[in-house]
Amino acid sequence: MIIYLILFALVFILGFLSREMDSSRGNYFRFLLLCLIALFPALRYNVGQDYDAYETIFKDLAAGQQSSIYAEPGYIFLNQLVIKLGGSFFHVIFFMAIASIFFAGKAIQYFCDEKYHYLAYAVLMSSTFYLIYVFSGIRQGFCIAIFLYALKWVSERKLIPFLLCIGFGALFHATILSMLPVFILSYFRMPFWIILIGVIGGFILASTGLPAKLFLQFTGSLTN
């Protein structure tokens, strides 16, 4: 806990300094803090519910066997590439963490005013995206980050780059395909009261457990 608080303080300070400096120096500090955010989950050992499963995939492939646990081809290819280059499981989770934070950082830089970046990075470190999916759900975390970045193309109404982002993410976790309708929904303007009712209704419906069951069935049909 103390280590996390120290890192959180460093990220906040570096982010704040990047705001106060000129553009070139600010970019240097932003790069450094993104590296710190990504290095933290990569250095952990046996942390996260899915850690053992991902380590098993790596060990199976390193032994020249097919993975006993299902994973999409992009993630399998990454493991095989790391093994071929003589790397370890650390290099796999480090690459995934770096890639996840990189795309999440690009989304922050696009959507957030530069003077508030330091706050956005602090929020990023406190989010379930970081604390659960970057640490544990390695593939899911990467796909969440890809989707956050893909929203750039939604806002610019560019379908092909959006589809390319979603397609690339699907190589690591097929559930990102469920985000495809977002591009179509972005063309509809909805009054605030409809959004509010939708959010409240969503919380009430979620408490019944039905959405979770439907989502598990949907994801199970995609990923076995």
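Arg 157 sits in the loop between H8 and helix H9 (159–170), where helices (H or I, at least four residues) are DSSP runs numbered from the N terminus. This is a predicted model, in which local features need pLDDT of at least 70, side-chain atom pairs count only at pLDDT 80 or more, and totals for chains, interfaces and linings use all residues. Residues are numbered from 1 along each chain as its sequence is written, and side-chain values use heavy atoms, with hydrogens and water left out. Here is a short tour, starting with that loop.

- Arg 157 has a positive phi, near 55°, although it is not a glycine.
- Most residues other than glycine have a negative phi.
- Its relative accessibility is 39%, so Arg 157 counts as partly exposed (between the limits for buried, under 20% relative accessible area, and exposed, over 50%, with a 1.4 Å probe and protein chains only).

**The nonpolar core and Tyr 75**
- The largest nonpolar core has 55 residues, and those touching the most other members are Ile 37, Tyr 75, Phe 89 and Tyr 130.
- Such a core is a set of buried Ala, Val, Leu, Ile, Met, Phe, Trp, Tyr and Cys residues joined through side-chain atoms within 4.5 Å.
- Beyond its neighbours within four places in sequence, Tyr 75 is in contact (heavy atoms within 4.5 Å) with Tyr 54, Ile 57, Phe 89, Val 92, Met 96, Arg 139, Leu 171 and Phe 172.

**Gly 74 in helix H4**
- Gly 74 belongs to helix H4 (residues 73–84) and is buried, with a relative accessible area of 10%.
- Not counting residues up to four places away in sequence, Gly 74 touches Leu 171 and Phe 172.
- The C-alpha atoms of Gly 74 and Leu 171 are separated by 4.5 Å, though the two residues are 97 apart along the chain.

**Helix H6**
- Seven of the 10 residues in helix H6 (residues 117–126) are buried, making the helix mostly covered.
- The buried residues of H6 are His 117, Tyr 118, Ala 120, Tyr 121, Ala 122, Leu 124 and Met 125.

**The largest pocket**
- The largest pocket holds about 320 Å³ of space.
- Of its 12 lining residues, Gln 140, Ile 144, Thr 175, Ile 176 and Phe 215 are the closest to the pocket centre.
- Helix H8 (138–155) and helix H12 (210–223) are the elements that give two or more residues to this lining, and H8 gives the most, with four.
- A pocket is an open set of points on a 1 Å grid over the protein atoms alone, where a 1.4 Å probe fits, with protein on both sides within 12 Å along at least five of seven lines; lining residues have an atom within 4 Å of a point.
- Grid points are joined across faces, edges and corners, and the volume is the space filled by probe spheres set on them.
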